[in-house]
Amino acid sequence: MKYPFVRFIMVGMINTIVGLSVMYLLLHALGLSYWMSTFVGNAIGACVSFFLNKSFTFKSKDSVTKSALRFIIVILCCYFIAYDIGRSFVVWILKNNDFIHSNVKTDLSVLVGTCLYTVLNYFGQKIFVFSKKNAAIKENLGLSNKLLK
């Protein structure tokens, strides 16, 4: 498959099913908070995402250690930005709607945050984590270092 965004969406479907399942289980079955549920669900989904995106989506040859650190930075930034905006947006849109139960508002916040997280995460991974440009620069530096010796 030629298109990395399509592969990213396919991987995203898998890790979203895993992550959202965990989020809603923690939120509704165990009664954990919005932030705890979304954080743990995203962490588990992120593990699935990292390995599938590294090998399938972006076909990265970078070491797991180097790409994992960049991956963690990207997902944490995307997580806090997306889920804060998602929650704030739903609260703002539904602020005068007292007939909508708070659980529904929380569920909508999770969905909005997840959509925003997906978009931000794709660009963060493509540009910062699994960038072909970074790999090319590293290869050129490696060749330059060998030539200088």
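Me: Why is Cys 115 called exposed?

Reply: Its relative accessible area is 54%, and the word exposed applies over 50%, with buried under 20% and partly exposed in between (1.4 Å probe, protein chains only). So 54% puts Cys 115 in the exposed class. Before we go on: this is a predicted model, where local features need pLDDT of at least 70 and side-chain atom pairs count only at pLDDT 80 or more, while totals for chains, interfaces and linings use all residues. Residues are numbered from 1 along each chain as its sequence is written, and side-chain values use heavy atoms, with hydrogens and water left out.

Me: And what class does Cys 47 fall into?

Reply: Partly exposed, because its relative accessible area is 47%, which sits between the two cut-offs. As for disulfides, meaning pairs of cysteine sulfur atoms within 2.5 Å, the structure holds zero.

Me: How many helices and strands does the chain have?

Reply: Five helices and zero strands. From the N terminus on, the order is α-α-α-α-α. Of the chain's 149 residues, 34% count as buried.

Me: What does α2 pack against?

Reply: The buried residues of α2 pack against α1, α3 and α4. Among those buried residues are Tyr 34, Thr 38, Asn 42 and Phe 50.

Me: Which residues touch the most other members of the largest nonpolar core?

Reply: Phe 71, Tyr 83, Tyr 117 and Phe 130, out of 19 residues in that core. The elements giving it two or more residues are α1 (4-29), α2 (34-57), α3 (64-93) and α4 (102-129), and the largest share, seven residues, comes from α3. A nonpolar core here is a set of buried Ala, Val, Leu, Ile, Met, Phe, Trp, Tyr and Cys residues joined through side-chain atoms within 4.5 Å. In soluble globular proteins, nonpolar side chains tend to be buried together.

Me: What is Tyr 83 in contact with?

Reply: Contact means heavy atoms within 4.5 Å. Leaving aside neighbours within four places in sequence, the partners of Tyr 83 include Met 23, Trp 35, Cys 78, Val 110 and Tyr 117.

Me: What makes Tyr 34 and Trp 35 an edge-to-face pair?

Reply: Rings of Phe, Tyr and Trp (its six-membered ring) pair if their centres lie within 6.5 Å; planes under 30 degrees apart are stacked, over 60 edge-to-face, and the rest tilted. A search of the whole structure finds 17 aromatic pairs. Tyr 34 and Trp 35 are 5.2 Å centre to centre, with 85° between the planes, so they pass both tests. Tyr 34 is buried at 5% relative accessibility, whereas Trp 35 is partly exposed at 33%.

Me: Then why is the pair of Phe 50 and Phe 130 called tilted?

Reply: Their ring centres are 6.0 Å apart and their planes stand at 40°, so the pair is neither stacked nor edge-to-face. The pair links distant parts of the chain: Phe 50 is in α2 and Phe 130 in the loop between α4 and α5 (132-148), 80 residues apart. Both are buried.

Me: Where does Arg 87 lie relative to Tyr 34?

Reply: Over the face of Tyr 34, at 4.4 Å from the ring centre. A charge counts as over a ring if NZ of Lys or CZ of Arg is within 6 Å of the ring centre and within 35 degrees of the ring normal.

Me: Why is Ser 109 called buried?

Reply: Because its relative accessible area is 4%, under the 20% cut-off. Ser 109 is found in helix α4, and its contacts beyond four places in sequence are Tyr 34, Gly 86, Arg 87 and Val 90.

Methods:
Helices (H or I, at least four residues) and strands (E, at least two) are DSSP runs, numbered from the N terminus.
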